[in-house]
Amino acid sequence: MGRVAALGERSRVAGLALAGADVLVADDPEAVLQLWRTLPEGIDLVILTAAAAEALESDPAAPGDRRPLTAVMPP
């Protein structure tokens, strides 16, 4: 089974580390895009904050055209 990552604002994703998720903190759209483009291998599910999902609308492909499963947290 692959790994889970949580991507978005620190206040929304930090607690997911307790559940074993790789926490990727991005507090602005540019940081979201940078982390998405450098998403580590082995990540199969990315939990996104609503703001992170909005930032990714223009760039949905992960590195190497991978398409990990995503879930968006409610605002």
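# A buried threonine and the sheet around it

Thr49 counts as buried because its relative accessibility is 0%, and the cut-off for buried is under 20%. Keep in mind that you're looking at a predicted model. The protein chain has an average pLDDT of 91, and 91% of the residues score at least 70.

**Thr49 and its neighbours**

- You'll find Thr49 in the loop that runs between E3 and H3.
- Which residues does Thr49 touch, leaving out those up to four places away in sequence? They are Leu7, Gly8, Glu9, Arg12, Val13, Val72 and Met73.

**The sheet**

- Four strands make up an open sheet, in the order E2-E1-E3-E4, and their pairing is parallel.
- Which strands sit at the edges? Strand E2 (22-25) and E4 do, each pairing on one side only.
- Going from one strand to the next, the twist averages 20°.
- H2 packs on this sheet and touches E1, E2, E3 and E4. The direction of H2 makes about 160° with that of E1.
- Take a look at E3 and E4: this parallel pair is joined over four bridges. Here Leu48 stands opposite Val72 in E4.
- As a bit of background, strands of a sheet pair through backbone hydrogen bonds, and they can do so either parallel or antiparallel.
- Confidence is highest in E2, at a mean of 98, and lowest in E4, at 92.

**The nonpolar core**

- The largest nonpolar core has 15 residues. Those touching the most other members are Leu7, Val32, Trp36, Leu39, Val46, Leu48 and Leu56.
- Where does the core come from? Strand E1 (3-8), helix H2 (29-37), strand E3 (43-48) and helix H3 (50-56) each supply at least two of its residues.
- H3 gives the largest share of this core, with four residues.
- In soluble globular proteins, nonpolar side chains tend to be buried together.

**Out in the open: Ser58**

- Is Ser58 buried or exposed? Ser58 counts as exposed, because its relative accessibility of 64% is over the 50% cut-off.
- Ser58 belongs to the loop between H3 and strand E4 (69-72).
- Ser58 and Leu33 are 25 residues apart along the chain, and their C-alpha atoms are separated by 9.4 Å.

Conventions: Residues numbered from 1 in each chain as written. Predicted model: local features only at pLDDT ≥ 70, side-chain atom pairs only at ≥ 80, totals over all residues. Heavy atoms only, no water. Core = buried A, V, L, I, M, F, W, Y, C linked by side-chain atoms within 4.5 Å. Buried < 20%, exposed > 50% of the residue type's maximum accessible area, 1.4 Å probe, protein only. Pairing = 2+ DSSP bridges. Axes fitted to C-alpha atoms, helices over the stretch in contact; angles between N-to-C directions. Contact = heavy atoms within 4.5 Å. pLDDT = per-residue confidence, 0-100.
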